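Biologist: I would like to go through this model term by term. Please set each label against its cut-off.

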Amino acid sequence: MATKPTESITILSLRKLSLGTAEPQVKEPKTFTVEDAVETIGFGRFHIALFLIMGSTGVFWLAGSLLIIGLASVVIPTIGWRWLIRIASIPGIILIMAFKFIPESARFNVSTGNIQAALATLNHIARMNHSVMPEGKLVEPVLEKRGRFADLLDAKYLRTTLQIWVIWLGISFAYYGVILASAELLERDLVCGSKADSEVVVTGGDSGESQSPCYCHMFAPSDYRTMIISTIGEIALNPLNILGINFLGRRLSLSITMGCTALFFLLLNICTSSAGLIGFLFMLRALVAANFNTIYIYTAEVYPTAMRALGMGTSGSLCRIGAMVAPFISQVLMSASILGALCLFSSVCVVCAISAFTLPIETKGRALQQIK
């Protein structure tokens, strides 16, 4: 009688023991993405250096513009414009050779399967920031959906996309137009009281070129000085531009600067002094640069992550079209009618101002959209 309870207790105990013992599970290896690594490494010296390098590009653009004007003032009167082109191409040739030594981004290396190169870049960033890398294996993030061109024309973004394209084209058209128009206006010496309006320089000889008027007279030192002063205007409105887009919003700020750009194009038709012409050109360069800054920020903010690069890329394509059209107006049409060319530039800016004001989405204070 005493053995039966003992036997049942033993069987019950073994059954409990077998139920309580979990089967061994294989642990999955830890993984992390480039974004995870950046978050883990945190802010440090690398980001400060990156900020200084990227922030200086706007200064390197202004410096290049000023340098080419200064170089032209020395080279063209002495050895000619062809040598100016040859000398100006030297930095580009050096840059092409330097591309070999510029490292690829960690994201690009991961997307192409070059994990070791990506790890080397991330480890270098971690060392600069005196930080550590996350544990695990570096992998490429799985994207649920990639942006397509058709997404830009989806009902949700169709109106925004079309208006952004119009604005990008118009801003580029005005930007390169004012640069080329500045040279044309100075070449014709339209300052009130000047005698150059009726002077035509005709080259001698029996060539076909001598049968038509040629306005290509040499710039005076004062003309180069005017070009330099007006070029500096590209950074003049940066502080006000930053305040405007943060307090007034992107749409209103852009519509105001585009409207002012249209106004100053019309003011170039007014008979004015040399100082007045310099002031008008200075303000035009400042305004067109502010337009570029604002539309760049707005375009990057309005699209979700999956479409952002595509939106910026297509907008850049429209920007190139505007740049290609500008010389035909600022040089060809202006040679026939200065009033007609400047009014056309002004009209395009008015269209862009209206388009900016009526944009359906305001991105001020709006978080970046991650999904469509």
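Biologist: What makes K30 and E135 a salt bridge?

Modeller: The side chains of K30 and E135 meet at 3.5 Å, N to O. A salt bridge is a side-chain nitrogen of Lys or Arg within 4 Å of a carboxyl oxygen of Asp or Glu, so the pair qualifies. Side chains of opposite charge can pair when their charged atoms come close.

Biologist: Before we go on, what kind of model is this?

Modeller: This is a predicted model, in which local features need pLDDT of at least 70 and side-chain atom pairs count only at pLDDT 80 or more, while totals for chains, interfaces and linings use all residues. Residues are numbered from 1 along each chain as its sequence is written, and side-chain values use heavy atoms, with hydrogens and water left out.

Biologist: Where in the chain do K30 and E135 sit?

Modeller: K30 is in the loop between α1 (3-20) and β1 (31-32), and E135 is in the loop between α7 (115-128) and β2 (137-138). The two are 105 residues apart, and the pair links distant parts of the chain. Helices (H or I, at least four residues) and strands (E, at least two) are DSSP runs, numbered from the N terminus. The protein has 15 helices and 2 strands.

Biologist: Are K30 and E135 buried or exposed?

Modeller: Both are exposed. Buried means under 20% relative accessible area, exposed over 50%, and partly exposed in between (1.4 Å probe, protein chains only).

Biologist: How many salt bridges are there in the whole structure?

Modeller: The search finds 6. One of them joins R285 and E234 at 2.8 Å, N to O. R285 lies in helix α13 and E234 in the loop between α10 and α11, 51 residues apart. R285 and E234 are both buried.

Biologist: Why are R250 and E301 called buried, given that they form a salt bridge?

Modeller: The label rests on area. R250 has a relative accessible area of 9%, so R250 is buried. E301 has 17%, so E301 is buried too. Their closest N and O atoms are 2.8 Å apart. R250 belongs to helix α12 and E301 to helix α13.

Biologist: What makes T294 buried, and which residues does T294 touch?

Modeller: T294 has 1% relative accessibility, and therefore counts as buried. T294 is placed in helix α13 (residues 274-302). Leaving out residues up to four places away in sequence, T294 touches N241, I245, R250, S253 and L254. Contact means heavy atoms within 4.5 Å.

Biologist: Why is C352 called buried?

Modeller: C352 has a relative accessible area of 1%, so the label is buried. C352 is in helix α15 and touches V166, I167, G170, I171 and M258, with residues up to four places away in sequence not counted. The C-alpha atoms of C352 and L254 are 8.9 Å apart, although 98 residues separate the two along the chain.

Biologist: What makes L240, L243, F247, L248, L252, I256 and F357 a nonpolar patch?

Modeller: Patches are made of residues with over 30% relative accessible area and no salt bridge, with like charges joined within 9 Å and nonpolar side chains (Val, Leu, Ile, Met, Phe, Trp, Tyr) within 5 Å. L252 has 32% relative accessibility, so L252 counts as partly exposed. The seven named residues form the patch, with about 730 Å² of accessible area together. Accessible areas come from the Shrake-Rupley method with a 1.4 Å probe; for residues, only the protein chains shown count as cover. Helix α11 gives the most to the patch, with 3 residues.
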